[in-house]
Amino acid sequence: MMTNKLILNYLGDAVIYSSDLALLDCPTTWLNSDLIHFHFLRLQNEPHLVVRSDSKSSKDDATEGGGQQPNIDCLFLDPTVISFIMYQLDESDEDEVSNLTSAWKLNDDAKQQHEIKRIFLPINDEHKSSHMSYTPGQHAGGSHWSLLVIDIIASTSKNETKPQILYYAFDSHRGYNISAANAVANKMNSIFRQHYSSLQTDQMKKEANVIECQALQQNNGYDCGLYTLFFAEALLRYANVTCSGSCSGLLGDSAIETAFTSYMNDLGGQIHFASNIRKRIADDIRKLALEYQQSR
């Protein structure tokens, strides 16, 4: 019997075993929560890993859309953190909530009008299930990944800076994970309401309003995790895509569609981009695993 060998402990946070790498090496398997967490952690700490276009500099990418650009601080959450929030967090425990918001470095009052905290959350369809069906320590038990993006925007009115919180869902099987995305968004909204309790406004409603955005659609039953990572990478690359301000939020559908299409083409086009991301992550793990083994 082949042993499931530990091959990488990245930053003492993301643990990768040989069985995880095998998922990447097989072209028709879906990604587990450990791989999603690993790549999110890489994007958090090494955002330059996102593929850049040969025809545009990273500076051009950052200023896509023109006009005054906001300062966007990106945060990528671990799937296990989402499960903790959904099934174990006691929202009445002020210390637990405070520990989360402190770790996320949420500002009580944003000092800049154009400051945005953008949070990337991997959504699994198990998140719509009852907490009674959840077992702590298990991998996400669902069958579909999608992406929820939360923008916390410093909105200045009458010389007061108040947060406006917007929720965006990106799903490669449109509508499949909307119930799970809404459930997670409402939990997050409850946390934000507690954190910003001194700044309660009509903008901070009790129920989150999740906007379903246009997203590339998968044509198989196994690439949802790769599409989720693709959406995150594209939104990191084009972090400052904005609309005119007249639409429902910061992320306008036309700007997103342009960003996704451009990034997809840079990754080899619609046929190859998912497999190219799969190979790139596998190569990244092998490189880091070699360094990890040599350092032990």
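Buried means under 20% relative accessible area, exposed means over 50%, and partly exposed lies in between (1.4 Å probe, protein chains only). The legends below concern a predicted model, in which local features need pLDDT of at least 70 and side-chain atom pairs count only at pLDDT 80 or more, while totals for chains, interfaces and linings use all residues. Residues are numbered from 1 along each chain as its sequence is written, and side-chain values use heavy atoms, with hydrogens and water left out.

**View 1. Asp284 in helix H9.** Asp284 is buried, with a relative accessible area of 13%. The residue belongs to helix H9, which covers residues 273-295; helices (H or I, at least four residues) and strands (E, at least two) are DSSP runs, numbered from the N terminus. Setting aside neighbours within four places in sequence, Asp284 is in contact with Phe38, Arg42 and Leu49, where contact means heavy atoms within 4.5 Å.

**View 2. The whole chain.** The secondary structure comes to nine helices and seven strands. The chain has 296 residues, and buried residues make up 48% of them. Among contacts between residues at least 6 apart in sequence, 73% join residues at least 24 apart. The accessible surface of the chain comes to about 14,500 Å², with 48% of it belonging to carbon and sulfur atoms. Accessible areas come from the Shrake-Rupley method with a 1.4 Å probe, and for residues only the protein chains shown count as cover.

**View 3. The largest nonpolar core.** A nonpolar core is a set of buried Ala, Val, Leu, Ile, Met, Phe, Trp, Tyr and Cys residues joined through side-chain atoms within 4.5 Å. The largest one holds 57 residues, and Leu8, Phe170, Phe230 and Ile285 touch the most other members. Helix H7 (residues 224-237) gives the most to this core, with 10 residues. Apart from this core lies another, of 30 residues, among them Ile82, Met86, Ile150 and Met188. In soluble globular proteins, nonpolar side chains tend to be buried together.

**View 4. The surroundings of Phe230.** Phe230 is buried, with a relative accessible area of 0%. Not counting residues up to four places away in sequence, Phe230 touches Leu216, Phe260, Tyr263, Met264, Leu267, Phe273 and Ile277.

View 5. A search of the whole structure finds 12 aromatic pairs. Rings of Phe, Tyr and Trp (its six-membered ring) pair if their centres lie within 6.5 Å; planes under 30 degrees apart count as stacked, over 60 as edge-to-face and the rest as tilted. Phe170 and Phe260 form an edge-to-face pair, 5.8 Å centre to centre with 70 degrees between the planes. Phe170 lies in strand E6 (residues 160-170) and Phe260 in helix H8 (residues 253-266), so this pair ties together parts that are 90 residues apart in sequence. Both Phe170 and Phe260 are buried. Phe230 and Phe231 form another edge-to-face pair, at 5.9 Å centre to centre and 65 degrees between the planes. Phe231 is buried, with a relative accessible area of 1%. Phe170, Tyr227, Phe230, Phe231, Phe260, Tyr263 and Phe273 form one aromatic cluster.

**View 6. Asn9 in strand E1.** Asn9 sits in strand E1 (residues 6-10) and is partly exposed, with a relative accessible area of 29%. A polar atom of the Asn9 side chain lies 3.3 Å from the backbone nitrogen of Gly12, and one lies 3.5 Å from the backbone nitrogen of Asp13. Not counting residues up to four places away in sequence, Asn9 touches Ala14, Val15 and Tyr292. Asn9 and Tyr292 are 283 residues apart in sequence and 7.4 Å apart in space, C-alpha to C-alpha.

**View 7. His144 and Asp171.** His144 lies in the loop between strand E4 (115-124) and strand E5 (145-157) and is buried, with a relative accessible area of 5%. A polar contact of 2.6 Å joins the side chains of His144 and Asp171. A polar contact is a pair of N or O atoms within 3.5 Å; within protein, one must be able to donate a hydrogen and the other to accept it, and residues adjacent in sequence count only if both atoms are side-chain atoms. Beyond four places in sequence, the residues in contact with His144 include Ile123, Asn124, Ser172, His173, Tyr176, Gln218 and Cys224.

**View 8. Cysteines.** The structure holds zero disulfides, a disulfide being a pair of cysteine sulfur atoms within 2.5 Å. Cys74 is buried, with a relative accessible area of 14%, and Cys213 counts as buried at 2% relative accessibility.
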